[in-house]
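The sequence and the model are shown first.

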Amino acid sequence: MPQNISLTRYLVEQQRIDDKIPAQLRLLLEVVARACKSISQAVNKGALGGVLGTAESENVQGEIQKKLDIIANEVLIEANEWGGHLAAMASEEMDTIHLVPNRYPQGEYLLLFDPLDGSSNIDVNVSIGTIFSVLKKPEGQAGVQESDFLQAGNKQVAAGYCIYGPQTTLVLTVGDGVAMFTLDREQGSFILTEENLTIPADTKEFSINMSNKRHWAPPVTRYIDECLEGKDGPRGKDFNMRWIASMVTDVHRILMRGGIFMYPWDKREPEKAGKLRLMYEANPMSWLVEQAGGMATNGRQRILDLEPGKLHERVAVVLGSKNEVERVTRYHDTL
Ligand code: AHM
Ligand code: MG
């Protein structure tokens, strides 16, 4: 791989290939990356920057907001409002969509994000991240409505996340494989550090919040029980478990070395499909995983084919190494 390719150069070169990244989309991705750099700085300062702890507010999901949830949300909005590449934004932290103010030109893209995923890890200095998904505004209409955002994940034109961990790393797809960039703080830019990330089809590592076991549906219990039986059980091998409670970090591990991640439906709130949000958590992560050769379902159907009914819709998530996700999905068919 050539050395020292910045995100900017990578995007320009991608744009030259069949105009794969139109100019507005390139600008959008650069702006999101710039916003992630600011969020990364705020995260790094921690207590010194007065950014830890809880704010006085709740978001639309009824969750108490952390100061950093709000800061990250504002950074992303302010960075993206004026460039002329966006028509509107939607976020986990905002009840409804945020239109680009009239004083700025309107672009053709819609941006969705979870500004700070893994909020419960902020105050304990464990990796957290920003997840984003980009859609095109439907053609031939003036203005933007919330319903314009309700497109299946297979309509995404770009998706990615930035993880704030020991390194700050941006992982991106525009539908042609997955590329990874590491923030070089001296240069102040994201540098390409890996291309064509690939998830192995088999794994010995699963990721699920085991404390919810008593609430799971039978196919999930069966799958995990079989893993726990180890090499003397039906799977014939020992499994390891990891659960970081930041989806962005758990999925990053899977992109790096394989594994299966699950946040399944459970019976505590049967009307909700699960905890995670379809449009700005499951869809972008599912596309990245598929682009890396993995698979993502809600236990029954491909996540990217689900037609969203509302902006903050929740979904059960099973994603990662293909053969394992296929197995869990098969168990849902037979139980
Ligand atoms: P958040 O977006 O409010 O941070 O919530 C989503 C997070 C995911 O990152 C993670 O996989 C999950 O919630 C952890 O949930 P739990 O605390 O139930 O294990
Ligand atoms: Mg989240």
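UniProt annotations may be inferred rather than shown by experiment, and their positions are given here in the numbering of this chain. The model itself is predicted.

## Overall architecture

The protein chain contains eight helices and 15 strands. Its C-alpha trace spans about 65 × 45 × 45 Å along the principal axes. A compact globule of 335 residues would have a radius of gyration near 20 Å, and the value for the protein chain is 19 Å, so the two agree.

Of the 335 residues, 46% count as buried. Among contacts in the protein chain with a separation of 6 or more, 64% are between residues 24 or more positions apart.

## The annotated N-terminal domain

An unreviewed UniProt entry lists residues 6-195 as "domain: Fructose-1-6-bisphosphatase class I N-terminal". This span is 27% helix and 32% strand, and its end C-alpha atoms lie 13 Å apart.

## The annotated binding site

The "binding site" annotation, again from an unreviewed UniProt entry, covers Glu92, Asp114 and Leu116. These positions are spread over 25 residues of sequence but cluster in space, with a largest C-alpha distance of 9.0 Å.

Glu92 lies in the loop between β3 (86-91) and β4 (98-99). Because a residue with 20 or more other C-beta atoms within 10 Å is classed as buried, Glu92 qualifies with 25. Leaving aside residues up to four places away in sequence, Glu92 touches Asn59, Asp114, Pro115, Arg277 and Tyr280.

Asp114 belongs to strand β5 (residues 109-117). Asp114 has 28 C-beta neighbours inside 10 Å and therefore counts as buried. With the same exclusion of residues up to four places away, its contacts are Glu92, Thr130, Ile131, Tyr280 and Glu281.

## A five-stranded open sheet

Five strands form an open sheet in the order β12-β11-β13-β15-β14, and the pairing is mixed. The edges are β12 (240-241) and β14, each of which pairs on one side only.

Within this sheet, β11 and β13 run parallel and are joined by two bridges. Phe206 stands opposite Ile260 of β13.

Helix α5 (residues 218-228) has five named buried positions: Pro219, Val220, Tyr223, Ile224 and Cys227. Viewed down the helix axis, the buried residues fall within an arc of 125°, and so they line one face of α5. Pro218 and Asp225, on the other side of α5, are exposed. The buried residues of α5 pack against β11 (205-207), β13 (260-263) and α8 (322-334). Gly230 follows α5 and has a positive phi, near 70°.

Helix α8 has 13 residues, which at 1.5 Å a residue should span 18 Å; the end C-alpha atoms are 18 Å apart, so expectation and model agree. The buried residues of α8 are Lys322, Glu324, Val325, Val328, Thr329 and His332. Their cover includes α5, β13, β14 (295-297) and β15 (317-320).

Note on methods
Residues are numbered from 1 along each chain as its sequence is written. Chains are lettered from A and ligands numbered from 1 in the order in which they are written. This is a predicted model: local features need pLDDT of at least 70, side-chain atom pairs count only at pLDDT 80 or more; totals for chains, interfaces and linings use all residues. A residue is buried if 20 or more other C-beta atoms lie within 10 Å of its own, exposed if 12 or fewer, and partly exposed in between; C-beta atoms are placed from the backbone. Helices (H or I, at least four residues) and strands (E, at least two) are DSSP runs, numbered from the N terminus. The arc is that of the directions from the helix axis to the C-beta atoms. Two residues are in contact if their C-beta atoms, placed from the backbone, lie within 7 Å. The expected span of a helix is 1.5 Å times one less than its number of residues. The radius of gyration is taken over C-alpha atoms; the globule rule is 2.2 Å times the number of residues to the power 0.38. Two strands pair if DSSP finds at least two bridges between them.
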